[in-house]
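Reader: I am new to protein models. Could you show me how to read cores and aromatic pairs?

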Amino acid sequence: MAECRRFFGQRLNLLVLGIYVGLLLLAALWAALQADQLRSEQARREGVRAQTLAQGLAQPPAATLHAAAMQAFTLGRSQAGLAQLSPAPGLVLSVSPFHYQPTAIAVSVESRHGDGRRSGVLGNPLLGPLGSLDLGLLISLLMPLAAIGLAAATLAEHREQGLWRLVCCQSASPWLVLTAGMLIQALAVGLPALLICAVALLRDAGVQGWTTALLWGACLLCYALFWTILVHLLGLLRLASGASVMVALAAWLGLTFGLPAAAQAWAAHQHP
């Protein structure tokens, strides 16, 4: 309890948490609006497809075999020949792939070269897999930064001011104090993201989003605990507070951007 009061008694910690939660709320609101728009558009297309199919089946059969074949071919080329893939309950976590990856598959006897073309805004296919700042991507980027900011406001600053030495002297088990601080910071970083994502998932998918919310929540807590432990271990180095923050930021850049790029380059080299 003393460590919890000490953590929430610092204004810098409250400022970091306020900015972090505010950005996550804005991202969740934007993602929910985008998901609602995509689902309503898909429902409209499904309605048009069902109406077109019903009108095509209600027409009287053609007199000749050639006319019947042309009638079936024309019906297949319309909206009735599109197979629409429905989004999973985790749509609110990643909305941007639905803007550059088509979810409607045309089932027709036409050539794939003529039927597979997409009309729309031109874009760079190399930048397509990166997507935009969705809710899931924003959490994966902001959570380590929030952990770095909280660790810089507690462990590094207290050690530089000499307060950490007093805490260690007055405590029978200094590592328990450090462990309690890490758990408090991990919960402070992970719980807001977990609650925001759970509300967004349940609002978007309803009862079907419970499983996705539980799995995503477990991943968020593990992710927050990993970065909190890593930042605190880096903060224990014999460096100044500014230098420890720079080392933590370098670790964030390496693990977030450098390691995936290196893994992708190695995979492309091994399997060209």
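Predicted model: local features only at pLDDT ≥ 70, side-chain atom pairs only at ≥ 80, totals over all residues.

Reader: Which residues have the most contacts inside the largest nonpolar core?

Author: A nonpolar core is a set of buried Ala, Val, Leu, Ile, Met, Phe, Trp, Tyr and Cys residues joined through side-chain atoms within 4.5 Å. Buried means under 20% relative accessible area, exposed over 50%, and partly exposed in between (1.4 Å probe, protein chains only). Here the largest core has 31 residues, and Tyr20, Leu135, Ile139 and Met143 have the most contacts inside it.

Reader: What does Tyr20 touch, not counting residues up to four places away in sequence?

Author: Contact means heavy atoms within 4.5 Å. Tyr20 touches Leu142, Met143, Ala146, Val189 and Ala193.

Reader: And how many aromatic pairs does the structure hold?

Author: Rings of Phe, Tyr and Trp (its six-membered ring) pair if their centres lie within 6.5 Å; planes under 30 degrees apart count as stacked, over 60 as edge-to-face and the rest as tilted. The structure holds three such pairs. One of them is Phe226 with Trp227, edge-to-face at 5.7 Å centre to centre and 75° between the planes.

Reader: Is Trp227 buried or exposed?

Author: Trp227 counts as buried because its relative accessibility is 3%, whereas Phe226 is partly exposed at 43%.

Definitions and conventions: Residues numbered from 1 in each chain as written. Heavy atoms only, no water.
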